Amino acid sequence: NITSALIRHEDQFFRSNYVYSQRGIQVGIGTLRKKLMEVLEEGMAKSLFSIVGAVQKELEESRYQFKVQYNDRRITAESYVAETIDSIKHNFKNFAHSFGKPQVRHEVRSMLEQKVMDLCAELYWTDNNIVDLPKASIDELYWKYKLDMSSAALTKSGIGRTSTQLVVGVLMANMEKIALLEPLNNHPEISSKLLSLSNEILRNKFHTTSDQVENCVKPYKHEVECSEQEWTEGLKRTISLLEKELESCNKALQNIKDTIGKKKLRAAIKYVIDAEREAKRAQAHARDSGEGNIVVDNGNDATTNAKPHSIIINDIMEDNDSDRHRLHFNPKVIEKALEAIFLRDRSMILKYRLAALKSRQCKSPENKQYCPEAFLNMVAEKLTYTAVMFIQVELLNEFFFQFPREVDNLLVYGMNKNQILSFSKENPKIRKHLELQEKKRKLEEVRNIFL
């Protein structure tokens, strides 16, 4: 109202004054406003032409790049999240289909077979009486006791915990591989969360599963029954296992020969054996002269048994200055010689045991004390079957069921709109796609305004 009153007052003033009322004279706020608008429109018209041209050029380039790079395919942050979820579930489903009971059985059996090999090496293959085993009486308590001890060492070794932990480790290793695949490799934070969720699911089921397995293998801790078929299959697997071990020993021994040279290795082995004989003579001389027993601290109780090759070599190098000049081999060559001696001895005992396992004596489970490798392998197979059955039900099935739902909880229900957009832009390809798409949209809006 005040502005209107001022304009009316101004208009009356100019009309009442002869000088300002003549034709051609432009006065007043209204006239000034009109003139300024004309000047502004004229200036904008001159500059708009170049602006419209630049916008049109940029829009054409954006459209071209959008067509060339993305074939005019529009995406949204939400659609990318949905595709990511589908991709994760697809990779997980492929893994779930490829890792079932056969794969679990292979992992557990391999672990138990290694335990069997370790027990045989510890309790049988290093026993100097092993050569008398085929001729021993069937009622000889020594071998019966040793068989019972080795069977107990296998069945009471915590199969529930070790087998469950083994499968959990394999599952987590594969989940880490999935986390490195597209598109999760572009989202380290989400990958870390998914791995944590996987670990939490498995950890929650770990104790239940291991306890179930341990309870079910408990009968084997007291007595293990064996049918003819089980014995035949166990014997066959054992022969195959020892043949592989023999092949591995021979390859390792051949590799040492190729590395050092047969002639040099033979001389080093002879040196080690001579050193051992010399050390034994020194021990015998010390005992005969009343100097007391030579005690070797090997981490257990003190013993007067013969020293290992490595300790003998160290004794000659460190404790006997007069013999140092005789050590004309590189210490690494001596180490290889010691390894070669071990492999040679292991190869010989494996050949001996293979011959025993293939003999008629080991065809029947009645003679199990003569064939401990086959008996322990048969026990390992029973333990494997029992462990896998409960690991499949208690651990694998639950994990394969729960993980896809945790993916939905994390990526579908756990993020708001801004987090979804931020998640999408973590992927460089998706970020470029979204940015070009948004640029094209804004340029089209600007052009429509001008038109």
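**Overall form and aromatic contacts of the predicted model**

The accessible surface of the chain amounts to about 27800 Å², and carbon and sulfur atoms account for 52% of it. The model is predicted. Of the 451 residues of the chain, 37% count as buried.

The secondary structure consists of 14 helices and zero strands. The radius of gyration is 43 Å, well over the 22 Å that the globule rule gives for 451 residues, so the chain is more spread out than a compact globule. Along the principal axes, the C-alpha trace spans about 150 × 60 × 40 Å. Among contacts between residues at least 6 apart in sequence, 81% join residues at least 24 apart.

A UniProt record, an unreviewed entry, places the feature "coiled-coil region" at residues 232–259. In the model, residues 232–259 are 100% helix and 0% strand.

Aromatic pairs number 13 in the structure. One of them is formed by Phe66 and Tyr70, with a distance of 6.0 Å centre to centre and an angle of 55 degrees between the planes, and is classed as tilted. Phe66 and Tyr70 are separated by about one helical turn, because they are four residues apart in helix 2 (residues 29–70). Both Phe66 and Tyr70 are buried.

A further tilted pair is made by Phe92 and Phe403, whose rings are 4.5 Å apart centre to centre, with 35 degrees between the planes. This pair links distant parts of the chain: Phe92 belongs to helix 3 (residues 77–98) and Phe403 to helix 12 (residues 372–411), at a separation of 311 residues. Phe92 and Phe403 are both buried. Both residues also belong to one aromatic cluster, made up of Phe92, Phe95, Phe99, Phe399, Phe400 and Phe403.

The charged end of Lys146 sits over the ring of Tyr124, at 5.8 Å from the ring centre. Arg405 lies over the face of Phe401, and here the distance to the ring centre is 3.9 Å.

Terms used
Residues are numbered from 1 along each chain as its sequence is written. This is a predicted model: local features need pLDDT of at least 70, side-chain atom pairs count only at pLDDT 80 or more; totals for chains, interfaces and linings use all residues. Side-chain values use heavy atoms; hydrogens and water are left out. UniProt positions are given in the numbering used here, feature names are shortened, and annotations may be inferred rather than shown by experiment. Helices (H or I, at least four residues) and strands (E, at least two) are DSSP runs, numbered from the N terminus. Rings of Phe, Tyr and Trp (its six-membered ring) pair if their centres lie within 6.5 Å; planes under 30 degrees apart count as stacked, over 60 as edge-to-face and the rest as tilted. Buried means under 20% relative accessible area, exposed over 50%, partly exposed in between (1.4 Å probe, protein chains only). A charge sits over a ring if NZ of Lys or CZ of Arg is within 6 Å of the ring centre and within 35 degrees of the ring normal. The radius of gyration is taken over C-alpha atoms; the globule rule is 2.2 Å times the number of residues to the power 0.38. Contact means heavy atoms within 4.5 Å. Accessible areas come from the Shrake-Rupley method with a 1.4 Å probe; for residues, only the protein chains shown count as cover.
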